[in-house]
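Trainee: I would like to go through the side-chain packing of this model. Shall we begin?

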Amino acid sequence: MPSSVVPPYGVSVASVSPPKPPKYPVSTSTLTGSTISLAPAEIPLNPPPLPVSISPFSLPNGHLGPFLAYRSFSTNNATWSGSILILSSTPTDPPPTLSLSGDLGRVAKPPTPIVLACIANVTFYRFDLTLSTRRGKGTVRYEYTITIGPHVHRNTFHIAAADEDAWKWAHWSCAGFSVNVPRARRDALGKFTVWADLLKRHREIPFLVNVGGGDQVYADDVWRLPELVEWLAVKGKENRMKAEWTDTLEVDVTRFYLDLYAKEFSHPVMREVVGSIPLVCVADDHDIIDGFGSYPPYLQNSNMFRNLGRIALTFVSLFQHQTTPSLAPQDGFFFPTAPTPTGVPAYHHIRALGPTTLLAALDTRTERTTIQVLSPDSTSLLLTQLNSIAGSSPKLKHVVILTGVPMVYADLSAVDTAAGLVRSVKTGLNALTNNVQGVFGFVAEKVGVGKDGVGKTFKGLKSAVGKTGLMHSILNRFGEVELQDDLMDHWGHRNHEYERVNFIQALQSFASTHRVRISFVGGDVHVCGVGYLFSDSSRDTSPRTDSRFMVQIISSAIVNVPPPKAVATLVNRSAKATGRVDAQTLEGLHPVFGERGHVLGSRNWCAAEVLEGGEEVKFEIRAEVVAAGLQSEEDDDEEEGDGGARKDGEEVDVVDGVGFEAFEVLVPNLE
């Protein structure tokens with residue numbers, strides 16, 4: 001049965017001083033041009049000249065796709081808008097053709113494709129769709145057929161009827177394995193095991209939107225490219241920052257990301273997912289490189305980082321958003337006019353999930369620095385858009401904010417303090433090793449892990465903050481203290497606390513003014529759970545009337561491995577206390593998993609449904625149950641609240657021999 005999240009109103013929590021905005025010196029470097037040709041909207045169908053520096057690229061069977069994307073829905077006009085992307089690496093083939101039919105009959109004049117971009121011999125074709133739906137409730141089925149060269153692709157997707165408010169959608173994140181996960185463990189767990197559960201649910205009752213919450217691909221292997229390996233060996237911060245970006249790097253990095261997407265989305269399971277459920281997504285760090293945006297300025301502003309980010313984010317815009325900077329505004333994306341360090345804009349977008357609910361998808365990676373998650377201009381644009389929509393949408397009851405990293409999570413300040421102490425005494429590897437063991441031993445004992453768990457806990461702390469990827473040593477490959485970029489990724493980090501508090505307060509004001517419920521959905525951290533914000537006030541003792549009550553759904557990862565149990569224990573025990581955001585707002589994690597703790601170390605995804613009339617939104621976290629020894633990175637003895645295995649007698653669904661548990665949460669509208 002679904003559970004209602006009821007915060008501990010009336011709990012006594014010590015006051016805190018308002019956070020101050022952080023500061024750091026900013027350094028700059030140059031950014032070289034791109035050999036990627038991005039086509040403007042009016043480009044003719046024949047592809048432009050190919051960059052001569054990139055040799056021909058071979059896609060599987062000469063093409064890749066199709067991929068569906070969702071753009072907008074109009075209840076008044078009874079229309080749905082989206083697009084279909086398909087790639088071709090065979091220039092001799094004619095442009096692809098599309099035919100559409102379904103419950104409302106055959107579409108008489110299907111669209112012809114535009115050329116979105118050309119990279120080497122690969123042409124990105126996009127079909128823009130505006131489809132009619134019927135009045136009333138329920139869904140409308142569409143079948144489409146794309147012919148490209150000798151190949152024919154057929155698939156089916158569903159859109160809502162014009163007056164349907166009970167939209168169903170899926171959220172997932174972290175769709176790959178980190179580089180340090182052994183091959184044997186990857187094979188034992190399976191890359192598409194949890195995807196099979198999502199597809200089973202979709203085939204039974206179709207999802208209308210497919211929400212990717214970040215890390216749709218894992219690009220960390222880019223550091224294996226020879227010239228980047230050489231750059232990592234360069235000594236001195238200034239030398240690393242000024243190292244030149246070469247033509248060879250431009251070609252090799254471009255080919256790397258193109259090959260990555262071709263490999264990830266050519267598997268039959270992924271082809272069905274992206275071909276039958278229209279996609280909306282936000283990028284996170286692994287879509288670029290692990291920790292991107294959270295490294296010191298001398299790295300982030302180096303030629304290597306800025307150009308890596310430029311190329312990676314270009315592929316995010318093409319594959320995940322199916323747009324370019326020139327097309328983005330008409331595709332429903334908004335971003336500040338000020339240039340980003342990579343030259344690629346931050347693609348924010350708001351999508352309707354029926355007449356009562358909005359999904360606000362925020363790019364929290366492109367503008368990120370060590371003192372910023374979103375630029376002030378991005379925050380202002382978001383609030384302007386939300387206020388405009390709410391002012392003209394009397395039926396609006398819910399706004400779901402999608403971010404890569406959760407807005408509400410466990411308090412990791414003790415771990416961050418330890419990492420800061422380690423950094424301050426970084427005089428040599430031996431001294432550093434001794435210091436880190438002592439500092440983290442203190443932290444581990446403080447949160448109840450115990451001295452015996454220190455080694456496992458430190459090794460797995462990257463998992464607790466969402467990363468298991470780049471390095472295992474205490475100093476990472478850039479000579480910086482490991483964990484610092486991961487901790488700085490979090491909204492609760494001291495460098496982002498000022499921004500977080502102001503952002504939450506702005507959303508509270510919006511919620512109170514328009515009587516619209518705000519919720520958050522995020523991934524990144526490789527566990528699942530439910531957090532909340534609520535009023536520290538005797539006047540607001542019911543979530544239904546509390547405009548500061550906001551639920552955080554944490555759902556991660558659909559593929560990557562959970563952290564060790566010792567780390568889940570650390571997170572759970574640090575999550576027991578209620579925290580304070582500001583003088584009027586408290587926060588905490590909801591014990592949705594009972595005695596097993598506030599977070600659960602299982603691979604998972606989330607099914608969401610706007611209930612009839614928009615009175616509530618139901619979130620169902622679907623957590624995988626696997627054999628002992630496979631789920632967490634290292635096995636500890638079972639203990640209470642470790643976020644580990646299920647108890648006997650709990651209900652489990654079985655899909656292809658793998659069990660799944662369901663944990664449902666209801667989020668009420670704001671009265």
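Trainee: Which residue lies over the face of Trp231?

Mentor: Keep in mind that this is a predicted model. The distance to the ring centre of Trp231 is 5.8 Å. The cut-off for a charge over a ring is 6 Å from the centre. The residue over Trp231 is Arg240.

Trainee: At what distance from the ring centre of Phe333 does Arg351 lie?

Mentor: Arg351 lies over the face of Phe333. The distance from the ring centre is 4.9 Å.

Trainee: How are the rings of Trp80 and Phe157 arranged: stacked, edge-to-face or tilted?

Mentor: The structure holds 28 aromatic pairs. For Trp80 and Phe157, the ring centres are 5.5 Å apart and the planes meet at 40 degrees. Stacked needs under 30 degrees and edge-to-face over 60. Therefore this pair is tilted.

Trainee: How many residues apart are Trp80 and Phe157?

Mentor: Trp80 sits in strand 4 (residues 79-88). Phe157 sits in strand 10 (residues 151-160). The pair links distant parts of the chain, 77 residues apart.

Trainee: Are Trp80 and Phe157 buried or exposed?

Mentor: Buried means under 20% relative accessible area. Trp80 has 1%, and Phe157 has 0%. Therefore Trp80 counts as buried, and Phe157 counts as buried.

Trainee: What about the rings of Tyr532 and Phe534: stacked, edge-to-face or tilted?

Mentor: Tyr532 and Phe534 are both buried. Their ring centres are 5.6 Å apart, with the planes at 70 degrees. The limit to pass is 60 degrees, so the pair is edge-to-face.

Trainee: Which cysteine does Phe619 touch?

Mentor: Residues up to four places away in sequence are not counted here. The contacts of Phe619 include Trp169, Val521, Ile553 and Phe663. The cysteine among them is Cys606.

Trainee: How many residues of helix 15 are buried?

Mentor: Helix 15 (residues 565-574) is mostly covered. Its buried residues include Lys565, Thr569 and Asn572.

Key
Residues are numbered from 1 along each chain as its sequence is written. This is a predicted model: local features need pLDDT of at least 70, side-chain atom pairs count only at pLDDT 80 or more; totals for chains, interfaces and linings use all residues. Side-chain values use heavy atoms; hydrogens and water are left out. Contact means heavy atoms within 4.5 Å. Buried means under 20% relative accessible area, exposed over 50%, partly exposed in between (1.4 Å probe, protein chains only). Helices (H or I, at least four residues) and strands (E, at least two) are DSSP runs, numbered from the N terminus. Rings of Phe, Tyr and Trp (its six-membered ring) pair if their centres lie within 6.5 Å; planes under 30 degrees apart count as stacked, over 60 as edge-to-face and the rest as tilted. A charge sits over a ring if NZ of Lys or CZ of Arg is within 6 Å of the ring centre and within 35 degrees of the ring normal.
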